Amino acid sequence: MGTTDTPGGRCPLHDARGDSEDARTDLAGEMSYGDYLALEQVLSAQHPRSPDHNEMLFIVQHQTSELWMKLALHELRAARDCVRCDDLPPAFKMLTRVSRIMDQLVQSWNVLATMTPPEYSAMRPHLGASSGFQSWQYREIEFILGNKSAAMLRPHAHRPELHALLDAALRAPSLYDEALRLMARRGFAIPASRIERDWTQPAGLDDAVEAAWLEVYREPRTHWELYELGEKLVDLEDSFRQWRFRHVTTVERVIGFKRGTGGTEGVGYLRRRLDVVLFPELWKLRTDL
């Protein structure tokens with residue numbers, strides 16, 4: 001008897017009467033896979049504007065990125081709510097998921113990087129003023145993570161519903177703001193200026209906040225939940241930085257230092273974004289610990 005034989009003499013790898021014979025094939029009146037995922041709408045949403053073969057890659061790349069960002073926002077909003085309610089274990093799972101989503105987005109740039117400069121140049125005139133800079137989902141992710149700027153609302157002034165959504169995100173406490181408010185509720189000396197302030201403004205490095213985090217990191221067993229929260233936030237920013245960096249290198253590889261279609265400086269603008277630190281005290285304490 002061979003290693004792939006079964007007692008009945010049939011090889012399960014080549015048995016035409018496998019599990020497929022039990023699959024439901026009459027789906028009249030039933031919800032199918034395509035129905036559940038609304039695949040007709042999803043797969044018919046690609047409309048290249050140029051005759052160039054490579055534009056399909058460009059569209060699918062950005063549409064799938066927006067879908068991943070939709071999931072990231074779903075998780076970030078819920079994680080922030082959990083932190084606000086002192087319910088950290090579910091938040092840990094959600095933040096881990098967002099970090100893995102960021103990893104997925106990093107890898108997606110490898111696919112777009114197969115587009116060469118001549119290929120992009122052939123389709124670029126058909127993009128008009130459209131630009132990833134105008135992604136409202138990306139902007140909300142940045143706002144939730146604490147990178148606030150009222151100027152970033154301007155590209156959405158022509159869409160009142162999106163402008164209102166982003167304005168609300170701008171005025172709400174960020175995920176990190178909620179983490180600091182949680183620390184204050186648990187007895188740490190977080191300055192009042194950091195837990196009751198104008199949430200539309202980015203917060204800089206605060207020595208008192210770092211001192212509170214240092215207390216957590218010096219006694220992790222005593223403050224395990226906050227210690228784990230700190231590490232989840234660092235994981236998230238680490239993955240987010242890699243996503244932004246891969247974006248810069250892909251853009252430079254494909255278009256060099258041309259201005260962006262949306263009017264930005266292009267690579268120069270993206271490189272400056274790499275200097276943004278979302279959770280500065282959590283990074284600085286590694287030097288001071």
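I take helices as DSSP runs of H or I with at least four residues, numbered from the N terminus.

**Ground rules.** I am working on a predicted model, where local features need pLDDT of at least 70, side-chain atom pairs count only at pLDDT 80 or more, and totals for chains, interfaces and linings use all residues. Residues are numbered from 1 along each chain as its sequence is written, and side-chain values use heavy atoms, with hydrogens and water left out.

**Helix 10.** I started with its length. The expected span is 1.5 Å times one less than the number of residues. For the twelve residues of helix 10 (residues 207-218) that should give 16 Å, and the end C-alpha atoms are 16 Å apart, which agrees.

Next I looked at the N-terminal end, which D206 caps: one of its side-chain oxygens lies 2.8 Å from the backbone nitrogen of A208.

Which residues of helix 10 are buried? I noted V209, E210, A212, W213, L214, V216 and Y217; buried means under 20% relative accessible area with a 1.4 Å probe, protein chains only. Their cover includes helix 8 (175-185), helix 9 (192-195), helix 11 (224-255) and helix 13 (280-288).

**A212.** A212 is buried, at a relative accessible area of 4%. Leaving aside neighbours within four places in sequence, A212 is in contact (heavy atoms within 4.5 Å) with M183, F188 and I190. I also checked G187, 25 residues away along the chain: its C-alpha atom is 9.7 Å from that of A212.

Terms used:
Helix = DSSP H or I, 4+ residues; strand = E, 2+ residues; numbered from the N terminus. Buried < 20%, exposed > 50% of the residue type's maximum accessible area, 1.4 Å probe, protein only. Polar contact = N/O pair within 3.5 Å; in protein donor to acceptor, adjacent residues only side chain to side chain.
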